[in-house]
Amino acid sequence: MAQPPAQNSTIRNVLLAGILLMLAGDFLFALNDAMGKWLVASFSVGQVVLVRSIGAFFVLGPMIARQGTAKLFRIERPELQLLRVVMTTLDTALFYAAVVYLPLADVMSFYMAGPIYVAALSHLLLGEKVGWRRWMAILVGFCGVLIMLKPSSAAFSLSSTFALVGSVTFAFAIILNRRLRGTSDTSLVTWQTIGTLVVGAVLTIGNWRTPSALDFGAMLLLGVVSCGAHLMITRALKLAPASTLAPLHYSLLLWAVIFGLVFFGDMPGPRILIGSGIIVLAGLFIFHRQKVVDTVPPENVPKGVN
């Protein structure tokens, strides 16, 4: 039975809202990453992470008040919650450690492999079926990572290792999001923010540099921007199908190239461009197969770098 025109119009408007929120959220994530790279050039990673986490509570505070603080402590699977906090904290810290020395687009390219790791980990950790076509795409995506990493004694760097390990922890965090889907977004984001705040405070011991009012404000704004991006993408995934939104996530790489070129004068080399191109194509194929066979749940869509 055909749907009424008014209902079709409503569905289109909701889908459009989801798409626009996804694009806006990805833009904010890229802006967050560029701001982070600018700040870690002058301040320690721990200091940036600490003040950034404090800034996030300007957004989280009203949400916690509306939800009620008691609900923060009524959480499912505390051991998985703790593991997720560890993974998201590592993801954030390793990202900022990597951009200290690597161009923004280079680091983001490693993180674009996150959905590929998710597809592999979903089979290994969640027992989800992954067909041979997607396994081939996963292997091709890994080849793209190796091209970017160029693991030789002459080219292998600690910063590349930070980016690679950070992208893997990002994938683990996505898997854990699936396992903890019964926990509210407010609780999940609050606990991961508390985790980064504690680690940032520890890393800042002996490394504190008194910032100017502008720098301190920029660090607080970093937390607001990051938290806003998380909320936008979370809302987008509730308004539009994951298979529709997933390809839009790769706009992060485009913004990373633009911001890196405009603000830092960085242009990705041929190796990064080729490797990231392979990763994007492999990731898009995995999402296409997800839509066709519908065996990898929509929660596996990446929800951001940090």
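Helix α5 (residues 104–111) is largely enclosed by the rest of the structure, because 8 of its 8 residues are buried, where buried denotes under 20% relative accessible area, exposed over 50%, and partly exposed the range in between, with a 1.4 Å probe and protein chains only. The buried residues of α5 are Leu-104, Ala-105, Asp-106, Val-107, Met-108, Ser-109, Phe-110 and Tyr-111. The structure is a predicted model, in which local features need pLDDT of at least 70 and side-chain atom pairs count only at pLDDT 80 or more, while totals for chains, interfaces and linings use all residues. Residues are numbered from 1 along each chain as its sequence is written, and side-chain values use heavy atoms, with hydrogens and water left out.

The secondary structure of the protein chain consists of 13 helices and 0 strands, helices being DSSP runs of H or I with at least four residues and strands runs of E with at least two, numbered from the N terminus. Of the 306 residues in the protein chain, 50% are buried. Among the contacts (heavy atoms within 4.5 Å) with a separation of 6 or more in the protein chain, 89% are between residues 24 or more positions apart. The accessible surface of the protein chain, computed by the Shrake-Rupley method with a 1.4 Å probe and, for residues, with only the protein chains shown as cover, amounts to about 13,800 Å², and carbon and sulfur atoms contribute 71% of this area.

Ser-160 is located in helix α8 (residues 158–179) and is buried, with a relative accessible area of 8%.

Helix α4 (residues 78–99) is likewise mostly covered, with 16 of its 22 residues buried. The end C-alpha atoms of α4 are 32 Å apart, in agreement with the 32 Å that its 22 residues should span at 1.5 Å a residue, the expected span being 1.5 Å times one less than the number of residues. The search of the whole structure for salt bridges (a side-chain nitrogen of Lys or Arg within 4 Å of a carboxyl oxygen of Asp or Glu) finds 1. This salt bridge joins the side chains of Glu-79 and Arg-77, with an N to O distance of 2.7 Å. Glu-79 is partly exposed at 45% relative accessibility, and Arg-77 is partly exposed at 39%.

In helix α10 (residues 213–239), Phe-216 is partly exposed, with a relative accessible area of 34%. Apart from neighbours within four places in sequence, Phe-216 is in contact with Val-51 and Pro-211. The C-alpha atoms of Phe-216 and Arg-52 are separated by 9.3 Å, although these residues are 164 residues apart along the chain.

A nonpolar patch on the surface is formed by Leu-254, Ile-258, Leu-261, Val-262, Phe-263, Met-267 and Leu-273, which together have about 700 Å² of accessible area. Patches are made of residues with over 30% relative accessible area and no salt bridge, like charges being joined within 9 Å and nonpolar side chains (Val, Leu, Ile, Met, Phe, Trp, Tyr) within 5 Å. Helix α12 (residues 251–264) supplies the largest share of the nonpolar patch, 5 residues. Leu-273, by contrast, is placed in helix α13 (residues 270–293) and is partly exposed at 43% relative accessibility.
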